[in-house]
Amino acid sequence: MTLTEAREVLRTELLAVAAAVVPGQTPVVTHDPGPVNPGALFDGRGPATICSITVETGEPTAQPDPDAAVSAAAAALADRGWTTSVATEDGHHRVSASRDGYAIAVHAWPTDWRITFTGDTPAIG
Amino acid sequence: MADEFELLVRRVQELPAEVAAYEVRSYFDSLAPGDASRLAETRPDEVGSLDGAPAALRYRANHLRLVDARDRLRDAGPLAEHERKRLETLDELLTPVAHAEVDASGKVVEVLRDRQFLSLQPEGQGRAVEVLGELDRARNVAVLVPGMGNSLETLRGQVDRADLIRHEAGPGTAAVLWLDYDSPQGLREAASKRAAIQAGPALRRFMAGLETERLPEASVTLVGHSYGSDVVGQGMLQGVRVDRVVLTGSPGITKFVNQASDFVPPPTRLYVERAPGDYVSYSEWHGPDPATFPDAIRMATNDETVSVHWHNEYYRQNSEALRNIGRVVRGDLAHITTTDTTRAHESKLALGISWADPLNNAAAVASKVYDGVVSLTKRNHTSAAGVATDGSRPSPVVRGTAVPGAGRRSEGQGR
């Protein structure tokens, strides 16, 4: 698989899971700058081998329910073959998920309507 | 107005950073909104990097500077390879970024906005200071200082890190990527502290400007990675004051800094991460490893699920290293996880045999050789902070007393 293909896979997964968590809204890709070098030796040098993408969605007119959001996200990710774990600390509700070298984090908070989905491709190249 | 502005720009160059930023902000506050906007439009080179000027005006000024730099390059005729690359970079920096906002009917919609630069140098190696989030409304502000090998062309990867920190820290967080120094472009340059020492006063001026922009109740965290941790250290020695400091993969601050309170005055706390196998931290190339400071909080980088090794995985998705940085930035200090593993133990974990101490010894020899070369070829200047400006090391000083030979110590001493 090429890095371009991996980027597309990640983007599709993030959008699909975000849409499953909040079906009535259209998720927005807020960060998808393209391939970067995560720092093979030091910062910034060497070939670009991973892509990072962020997607946001939420229900702005409803009271935030971060517990329900991460539960729904974990279920949607598991349905799509991801290994997930859910954690909550001091208002930070979080899902960590991995599959075939991809990694996703879902963040939800009681103080914000936004549910954030950040993901990295595996290193390719 | 133009003459007044010119006088202001000249005068504040001679003032202490905090006074200068206050004067600049007072000047802009005294202007009618239309006049202030006109300055950004007509004097973008000055307004764009003027610490203390309102962020919105600096964003606009730097956007204009980017457009100008891109247009000049486009019109320059046949371009060399590095110029073509720079043109691509400028086009990318001028591409609007998407935000998730709410329309009148309560639907989430995509809104495109220009990127927010508080400083910009589109020529040469290139520099930039970019803001992610809303600086004037943020309750938490993280300022990320990257390390060596960075330029305008590597900004994308650093913005990725800033974006991850912002989401990990949560709502109401603004992340600032501060690449407003000449990041060393090779090991030979990185062996010298020159770039960090020159960056210290620049970081102080920037942070003074930030003080005029942020909410009074906002907490500010400085995050330095690798050589950037040295820049953060030099900034703190130059008088930068923040709520919290995080250093990841640090090669050390300087020979005489061997505890947090040497450069991070209380009540500010120092939080340090050193991952297993981080050869840069083990080398102690610029000074004692901050992970060994007795008064620093040594944060865990690993958990059972995501491994963080070597020098460049601190910002890995879902890692304990990144989660701890998020906790520090949002002030959730009770949930920080810590470690006390030793260099020997970590390097054994990384490769099966302990190699960190031999590396540290080799780095000490190389450091001495470098010092010798520097002292033969350069004059030794000492800055106000007592740090040599040419990359050579002064006599180590502990609590104000010169202690010959005390700069380098083996891990664990004095803890």
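Q: How many helices and strands does chain B have?
A: Helices (H or I, at least four residues) and strands (E, at least two) are DSSP runs, numbered from the N terminus. This is a predicted model, in which local features need pLDDT of at least 70, side-chain atom pairs count only at pLDDT 80 or more, and totals for chains, interfaces and linings use all residues. Residues are numbered from 1 along each chain as its sequence is written, while chains are lettered from A and ligands numbered from 1 in the order in which they are written. The count for chain B is 14 helices and 12 strands.

Q: What percentage of the 415 residues in chain B is buried?
A: A residue is buried if 20 or more other C-beta atoms lie within 10 Å of its own, exposed if 12 or fewer, and partly exposed in between, with C-beta atoms placed from the backbone. By that rule the buried share of the 415 residues in chain B is 53%.

Q: Among contacts in chain B between residues at least 6 apart in sequence, what percentage joins residues at least 24 apart?
A: Two residues are in contact if their C-beta atoms, placed from the backbone, lie within 7 Å. Of the contacts in chain B that span at least 6 places, those joining residues at least 24 apart make up 66%.

Q: Which element of chain B supplies the largest share of the side that touches chain A?
A: In this interface, 32 residues of chain B are in contact with 38 residues of chain A. At least two residues each come from β1 (97-102), β2 (108-113) and α7 (155-169) of chain B. By class, that side of chain B has 9 nonpolar, 17 polar and 6 charged residues (Ala, Val, Leu, Ile, Met, Phe, Trp, Tyr, Cys and Pro count as nonpolar, Asp, Glu, Lys and Arg as charged, and the others, Gly among them, as polar). The largest share, 7 residues, comes from α7(B).

Q: Where does Glu23(B) lie, and with which residues is it in contact beyond its neighbours within four places in sequence?
A: Glu23(B) lies in helix α2 of chain B. With 16 other C-beta atoms within 10 Å, Glu23(B) is partly exposed. Leaving aside neighbours within four places in sequence, the contacts of Glu23(B) are Val12(B) and Leu15(B).

Q: At what angle do α9(B) and α10(B) pack?
A: Axes are lines fitted to C-alpha atoms, for helices over the stretch in contact, and angles run from 0 to 180 degrees between N-to-C directions. Angles under 35 degrees count as roughly parallel, over 145 as roughly antiparallel, 65 to 115 as roughly perpendicular and the rest as oblique, and α9(B) and α10(B) are therefore oblique to each other. Helix α9 (residues 194-211) and helix α10 (residues 227-237) of chain B have axes 7 Å apart, and the angle is about 60°.

Q: Which residues of α10(B) make the contact with α9(B)?
A: From α9(B) come Ala196(B), Ile197(B), Ala199(B), Gly200(B), Leu203(B) and Arg204(B). The residues of α10(B) are Tyr227(B), Asp230(B), Val231(B), Gln234(B), Gly235(B) and Leu237(B).

Q: Why is α12(B) described as largely enclosed by the rest of the structure?
A: Helix α12 of chain B covers residues 320-330. Its buried residues include Glu320(B), Arg323(B), Arg327(B) and Arg330(B). The helix is largely enclosed because the buried count is 11 of the 11 residues.

Q: What is phi of Ser226(B)?
A: Most residues other than glycine have a negative phi, and most peptide bonds are trans. Ser226(B) is found in the loop between β7 (219-225) and α10 of chain B, and counts as buried because 30 C-beta neighbours are inside 10 Å. Its phi is positive, near 55°.

Q: What is omega of the cis peptide bond that joins Pro266(B) and Pro267(B)?
A: Pro267(B) has its place in the loop between β8 (244-248) and β9 (269-273) of chain B. For the cis bond joining Pro266(B) and Pro267(B), omega is about 10°.
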